[in-house]
Amino acid sequence: MASPRTITIVALSMALGLFFVFMGTIKLTPRLSKDAYGEMKRAYKSYLKALPGLKKLGISAVFLRKTIGSLELACGIVLTLVPGRPRDVANFLLLLLVLIVLFFHQLVGDPLKRYAHALVFGILLTCRLLISRQPEEESQDKKSTGDENGDLQRDPRKMKVS
C-alpha cells in the first residue's frame, strides 16, 4: 500500500499539473475560452506597459504571454505525467512563474480577486515541493528489527518465549 506521503505528492502533482496545463492552454489559444484568452491578451499588454524595460529589450506582450503559457503547459504536463526529479524541476519552474505573475499583478495594481488563484496555487506548489523533498520515513518494522550492528533491539516489557 502506498504511503500517505506518496498519495499526497501524486494527488498534488496531478491537480497542479492539470491546472497549469489548462492555464497555459488558455494563454496560447482561444479554443477553450475566447473570453479568458481575450482577458489574457489584455492583461499581458498592461504588464508590458508597466515594464518599459521589457519593451526596450524587444519583448512584446504576445511573446511574453506565449512564453509563459508554453512554460506552464510544458511544466504542467511534466508535473502530471513524469515521475521523479523532473517533477520537482517542473514544480520549481512553475513556482518561479507564479512569483513572476504575482509581481506583474502587483505592478499594475490589480485587486486581490484578480490574482488570488495565483497565491493559492503558489502555496500549493510550495507545499508539494516541500513534501517531495522530505526524506522517506523508515517503516516501523525496519526500526524494530535491528540496530546498526544487526542485533535485535530488546523491549524490556516483552519476554522471549521459547
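The predicted protein contains seven helices and zero strands, and its elements, read along the sequence, follow the pattern α-α-α-α-α-α-α. Of the 162 residues in the protein, 31% are buried. When contacts with a separation of 6 or more are considered, 66% of them involve residues 24 or more positions apart. The accessible surface of the protein amounts to about 11,000 Å², and carbon and sulfur atoms account for 64% of that area.

Side chains of opposite charge can pair when their charged atoms come close. In the present model the count comes to six salt bridges, and two of the pairs described here share Asp88, a residue of helix H5. Asp88 has a relative accessibility of 10%, and because this is under the 20% limit the residue counts as buried. Apart from its neighbours within four places in sequence, Asp88 is in contact with Arg128, Leu129, Ser132 and Arg133. Among these contacts, Arg128 forms a salt bridge with Asp88 in which the closest N and O atoms are 3.1 Å apart. Arg128 lies in helix H6 (residues 112-133) and Asp88 in helix H5, so this pair ties together parts of the protein that are 40 residues apart in sequence. Arg128 is itself buried, with a relative accessibility of 2%.

Asp88 also forms a salt bridge with Arg133, for which the closest N and O atoms are 2.9 Å apart. This pair likewise links distant parts of the chain, with Asp88 in helix H5 and Arg133 in helix H6, 45 residues apart. Arg133, at 47% relative accessibility, counts as partly exposed, whereas Arg128, at 2%, counts as buried.

A further set of charged residues, Glu39, Arg42, Asp110 and Arg114, is linked in a network of salt bridges. Arg114 is partly exposed, with a relative accessible area of 28%, while Asp110, at 17% relative accessibility, counts as buried.

Helix H5 (residues 85-108), which holds Asp88, is also the place of Leu99 and of Leu93. Both leucines belong to a nonpolar surface patch of about 430 Å², which is made by Val89, Phe92, Leu93, Leu96 and Leu99. Leu99 counts as partly exposed at 49% relative accessibility, and Leu93 is also partly exposed, with a relative accessible area of 36%. Leu93 and Glu72 are separated by 21 residues in sequence, and their C-alpha atoms are 8.6 Å apart in space.

The surface also carries a patch of positive charge, in which Lys41, Lys45, Lys49, Lys55 and Lys66 gather. Helix H2 (residues 34-50) provides the largest share of this patch, namely three residues. Lys55, another member of the patch, lies in helix H3 (residues 52-56). With a relative accessibility of 55%, Lys55 counts as exposed, because the limit for that class is over 50%.

Methods. Residues numbered from 1 in each chain as written. Predicted model: local features only at pLDDT ≥ 70, side-chain atom pairs only at ≥ 80, totals over all residues. Heavy atoms only, no water. Patch = residues over 30% accessible without salt bridge, like charges linked within 9 Å, V, L, I, M, F, W, Y side chains within 5 Å. Areas by Shrake-Rupley, 256 points an atom, 1.4 Å probe, with all protein chains shown as cover. Salt bridge = Lys/Arg side-chain N within 4 Å of Asp/Glu carboxyl O. Lys, Arg positive; Asp, Glu negative; His and termini not counted. Charge placed at Lys NZ, Arg CZ, Asp CG, Glu CD. Helix = DSSP H or I, 4+ residues; strand = E, 2+ residues; numbered from the N terminus. Buried < 20%, exposed > 50% of the residue type's maximum accessible area, 1.4 Å probe, protein only. Contact = heavy atoms within 4.5 Å.
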